Amino acid sequence: MANRIVIDPITRIEGHLRIEAEIKDGKISEAYSAGTMVRMLEEILRGRDPRDAWAFVGRVCGVCTTVHSLASVRAVEDALDIVIPPNAEHVRNIMFATQYMHDHVVHFYHLHALDWVDIVSALKADPKKTSEIAQSISNWPKSSPGYFSDLQKRLTKFVESGQLGIFANGYWGHPAYKLPPEVNLIGVAHYLEALEWQKEIVKVHTVFGGKNPHPNYLVGGMACSIGIDDASAINAERLQLVHRLLKQAKEFVEQVYIPDLIAIASFYKDWGAIGGGLGNYLVYGDLSPNGYRDPSTYKFPAGAILNKKVGEVMDVDLREDNEIQEFISHSWYEYAGGDDAGLHPWKGETKVKYTGPKPPYDFLDVNDKYSFLKTPRWKGNAMEVGPLARVLVGYGRGREEYKEVVDSTLSALDVPIEALFSTLGRTAARGLEAKLVAHWALEFYDMLIANIKNGDTRMANMERFKPDTWPKEAKGVGHTEAPRGALAHWVVIQNEKIANYQLVVPSTWNASPRDKNGVSSAYESALKNTPIADDHKPVEILRTVHSFDPCLACAVH
Amino acid sequence: MNAISHPHKNLRRVFVWELPVRYYHWLNALCILTLIGTGFIIGDPPAILTGREAYQNYWFGTTRFIHFLAAYVFLFNFAFRIYWGFVGNQFASWRNFIPTNKKFFSDMWMVMKTDIFMTKREEEKSIGHNRLAGAIYFLTFIAFGIQCLTGFGLYAAMSDWWLPNLFTWVAPLFGGDFMLRQIHHWAMWFFILFTVIHVYLVFYHDYVEGRGELSSMAGGWKFIEEEVFEENKKEEK
Amino acid sequence: MTTETLTKRPTYYEELRGKGYSRRDFMKYCTMMAAFMGLQQSGIAQIADAMKKTPRIPVIWLHFQECTCCSESFIRSSHPITADIVLDQISLDYTETLMAASGHQAEEAMQKTMKDHYGEYVLCVEGSVPMAGDGEYCCIGGRSAKQILEETAAGAKAILCWGSCACNGCVQAAKPNPTQATPIHKIIKGKPIVKVPGCPPIGEVMAGTLMHIITFGTLPELDGIGRPKAFYSKRIHDSCYRRPFYDAGMFVETFDDENAKKGYCLYKVGCKGPSTYNACGIMKWNAGVSYPIQSGHGCFGCTEEKFWDNGPIYARMPEAGGFGIEATADKIGMVALGVTAAGIAAHAVATNLRKKEIVDNLIEEGKESEKEL
Ligand code: HEM
Ligand code: HEM
Ligand code: NFV
Ligand code: SF4
Ligand code: SF4
Ligand code: F3S
Ligand SMILES: [Mg+2]
């Protein structure tokens, strides 16, 4: 007999995710992923000024802050055929890279690490041994025995207080935790260091966008003018601040994140065979030195892979009516043309209709509708999006940079390439792309400097900012590669107002319910066959779900 | 058809607007025109090209200063007028403004038919404000109140003085400064439209009735037909 | 609310003092504890410190309809830094963003705090509550946000509303507010509520408000709508370094024009600084690096009620609904003025036709008198 378990709330994610799983013979036989909060932003945007949309959709998520704003201004610029100046492209890319490093590091240490790192075990670590291990994996200066023993004291004091706060009721001591106490202590140390570090890197957003979370964007470019001879615009001081922050971020990624990732992964190689899931991957691509409008130069190349065939990357067209479609067969919405239809986002509809149980409830009716997420499909296929998809597509497209980081990591861990299609592979891919992005960030910085040096100080193209310059009707799509995967917004503008606005978000791809054919999306598929040691403490479910870095506010919006 | 008016009417000089009312009127008119002018600029400042540094210019600050200065005068003047509504002569009394009985309304209707639609050719029967004018001035006083509330509600945040700070409760009531500004800005249009219509009507009355309406706000007196005078006298009794 | 009531449970230190032990005895006890825990000399002071403060005030942090950027902003706080707050100052017993436990274990942790610290914990709320239907638009653990809020609020000492979502409904409450997203103060009555609006609020403002409660044991002084005066009593506009340009009437006309490069005032490109109360201009963001205006974009009023419906971001006046595209007060006013002028002209003409006789009589009378002279 299968035993149905429910984990709700899934914590250490963004938003409200509920997982229901059938456990049979110590393994998950079926899993159901539900988003249980909705805000209906797509409806709220109707009839508003398209130039304001970035601010509304920016509020879809404060964790992957900026990516929706970016997709939004691009969608509107696409609709109105606005070409932004190179400086704005570089600044947007730098902000994008900043967001990546921040999001991936915070995910690794604060949202994911506690699935692998046992805080309580760290109390037993030998600070001297810890220091030796730390120094053997990285040159990071904060690794003396004194440093670790002070930290351990602080931790001990905390535990002794009896008030465990955020660490209360964790799965400490669960047999699935495999790290020696010393590595656990390193994990805790870097949990705290990353917490301090993350508030620094975001200052790049503050320089260009005035604040973080939720920096400001602008249709037509960026609002932060360059005035190298003015104290209140982007000048040498501001640029130097950005430069220093980007360099520091790169250091942290290279000297803390990546070594920790490899060190921890080496104790969990068995997770290289668990949690693979779909084997289909989708990337829209982004980050061009030559401007967003030139996909051939994207550093994250676009493409789709089916059935793990990394060698056969296919092209993707976001405008094509039958490529990307959203279904609602198992979602709490209704379509005018019937609930089994698939709609391209330009024709998308968001009419909510809740048919689930009345709260409080114990279980959802998974045979019927059971989530506020729609179910996106590419040419009918369920696709996984995110770091793993990007790394595989980059690898499959034969990009040298990708080959280098992937191959060296596989050999460092001594695992075959198949290990990538897994929970561990997903978590590793996130680190690897963070490393690439850390490097690219500085490239974009150099391009920005070079361009300003050449005398180009334009930051915004305001020619078509005024609504009376717009056509009566226009359609646009703007995409990016958000930290959690392929993101695009589709907008229809009529009579200077938004007539339709649809977001298809990375976590929508991954966390959605089944489609009309009963085919699972990425989370549900990845959870299948995961071994569960203790039904009451399903830390294994958290590992796989967290490897996707769920964001449900994004997914539902 | 010379029943309505005929040559050689006897006119009586009636002292209508006391000196304080006249002072009030012109000060008020001056304030309102100033507030409209400066308010307009505050709402939508013109683009002015200047090569000078910010500290060398202050025209926008000055505009606002004039607005606030006029606002204070306007407030005190308004307060004075309310006071005078209780102690002034019968033409200044608050009773002229607030419709309290049926007759007020029927008189108002009569004025409309005579002066607006011109379907009737009644002789003007009032001496001070006609009933319609009185009711409109009542609306105007409400608008004064709104403008003072919203204006000082906004101004409270910029001032340490207790007087504007009496108005700190206004912004929360309207959900914040933004709403106050909107109301304040919309209300400006009431004043603009009022002024235009009012000035026209003053000329109109002077032209059609020949009682010296225009000059009455200067000297204080109007010239009233003997019969109308007697009729009013009877009514008063 | 006084220090006494907030930290009603005696700390270890108070307990010992109450039993007649001296401060010296207390320090001895700490030394012993340190030895017992195998700590060095340096650990004693820390323990003493901790004991004096223990118990850390329990905090339950709920997440409803939100984007988690208030949590994100909170962890960006530089003084105090978040790690210190979470490890040394409060006991963050429930927050979906950071807590280790999930599912039943998470709920258990919350229930335990609600029971053991009834009447003592601080409830922080991030997000609005959808009141439509049976509350199904936001459910956690199968219970609706409304049910959870009401239960947790019952035993809370005070409620801190994080961000515009909890304070005024924020973006999901923008028209037409399909889920009936509702701010906390409209649901919970009879509890001290502190509003910390902003989208998100500045990290240090959040930490500062929380620390005020922890440090002084009282709620901060609040303004007319329940925001801490310390951070929300001044307009952006009154602390804006571009203010001299405003007073000088020097404005950015379009983004990235020459004036923008010189840092002129952003009033004409829609800055809502003159009607927005926040500490951005004073404290700035992310440890003083910048704030929206310093980075060239106007303030759009993110701490104010209904700011999403307060008109387009890039215009000073909102559009007036029902009057067609881009009808603002001024455009409508102009039209009304035109209509009035036309009306007056028509009236003047009509007067000269309909009242010709009367006017003629007057003129006649005047002329006769003149002749008689
Ligand atoms: C006939 C009376 C008045 C008119 C027509 C008028 C008109 C205006 C207008 C159009 C604005 C610009 C609003 C905007 O678009 O932001 C304004 C601003 C303002 N007015 Fe008035 N106003 C009047 C009376 C007052 C009074 C009595 C006060 C009291 C202090 C006042 C205080 C203000 C303030 C504080 C502002 C905002 C200025 C700023 O923030 O710089 N106004 N007024
Ligand atoms: C040529 C200019 C003006 C003349 C000759 C004039 C004349 C008059 C007269 C004769 C009255 C009494 C009318 C009646 O009772 O029906 C009056 C009342 C009034 N006028 Fe004017 N006016 C002038 C301009 C203005 C302006 C520019 C304003 C304001 C913007 C204004 C505001 C008022 C108000 C508020 C009253 C009611 C006074 C009260 O009884 O308290 N007037 N005006
Ligand atoms: N899914 C998602 Fe996001 C990301 N990354 C958005 O596009 O997290 Ni909040
Ligand atoms: S107030 Fe704004 S920033 Fe905070 S959670 Fe709500 S939408 Fe996000
Ligand atoms: S930029 Fe905004 S806040 Fe600053 S002075 Fe101008 S209007 Fe005021
Ligand atoms: S938009 Fe918000 S962040 Fe500050 S400058 Fe305005 S209050
Ligand atoms: Mg969508």
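The model is predicted. Chain C touches chain A, and chain C also touches chain B. Over all chains, the structure holds 60 salt bridges.

- The size of an interface is often given as the accessible area lost when the parts come together.
- Chain C and chain A bury about 8,300 Å² between them.
- Carbon and sulfur atoms account for 58% of that area.
- Chain C brings 100 residues to the contact, and chain A brings 103 residues.
- Four salt bridges are counted between chain C and chain A.
- In a salt bridge between these chains, Arg154(A) pairs with Asp88(C), and their closest N and O atoms are 3.1 Å apart.
- Between chain C and chain A, 51 residue pairs are in polar contact, with both residues at pLDDT 80 or more.
- Several elements of chain C give two or more residues to the side that touches chain A, among them α4 (42-53), α6 (82-89), β2 (90-95) and α7 (103-116).
- Helix α7(C) gives the largest share of this side, seven residues.
- By class, this side of chain C has 45 nonpolar, 34 polar and 21 charged residues.

- The area buried between chain B and chain C is about 4,800 Å².
- Of this area, 59% comes from carbon and sulfur atoms.
- The contact involves 54 residues of chain B and 52 residues of chain C.
- Two salt bridges are counted between chain B and chain C.
- Asp115(B) forms a salt bridge with Lys355(C), with the closest N and O atoms 3.6 Å apart.
- On the side of chain B that touches chain C, the elements giving two or more residues are α1 (19-43), α2 (59-87), α3 (102-116) and α7 (177-209) of chain B.
- The largest share of that side, 17 residues, is from α7(B).
- By class, that side of chain B has 28 nonpolar, 15 polar and eleven charged residues.

**A sheet in chain A**

- Strands of a sheet pair through backbone hydrogen bonds, either parallel or antiparallel.
- In chain A, three strands form an open sheet in the order β8-β9-β10, and the pairing is antiparallel.
- The edge strands are β8 (473-482) and β10 (497-504) of chain A, and each pairs on one side only.
- On average, neighbouring strands of this sheet are turned by 15 degrees against each other, direction ignored.
- Strand β9 (485-494) of chain A pairs with β10(A) over seven bridges.
- Gln494(A) has Lys497(A) in β10(A) as its bridge partner.
- Helix α3 (67-80) of chain A packs on the sheet and touches β8, β9 and β10 of chain A.
- The direction of α3(A) makes about 145 degrees with that of β8(A).

**A salt bridge within chain A**

- Side chains of opposite charge can pair when their charged atoms come close.
- Arg319(A) and Asp78(A) meet through their side chains in a salt bridge, at 3.1 Å from N to O.
- Arg319(A) lies in the loop between β5 (303-305) and β6 (324-327) of chain A, while Asp78(A) lies in helix α3 of chain A, so the pair ties together parts that are 241 residues apart in sequence.

Notes
Residues numbered from 1 in each chain as written. Chains lettered and ligands numbered in written order. Predicted model: local features only at pLDDT ≥ 70, side-chain atom pairs only at ≥ 80, totals over all residues. Heavy atoms only, no water. Contact = heavy atoms within 4.5 Å. Buried area = accessible area lost by both parts, 1.4 Å probe. Polar contact = N/O pair within 3.5 Å; in protein donor to acceptor, adjacent residues only side chain to side chain. Helix = DSSP H or I, 4+ residues; strand = E, 2+ residues; numbered from the N terminus. Nonpolar A, V, L, I, M, F, W, Y, C, P; charged D, E, K, R; others polar. Pairing = 2+ DSSP bridges. Axes fitted to C-alpha atoms, helices over the stretch in contact; angles between N-to-C directions.
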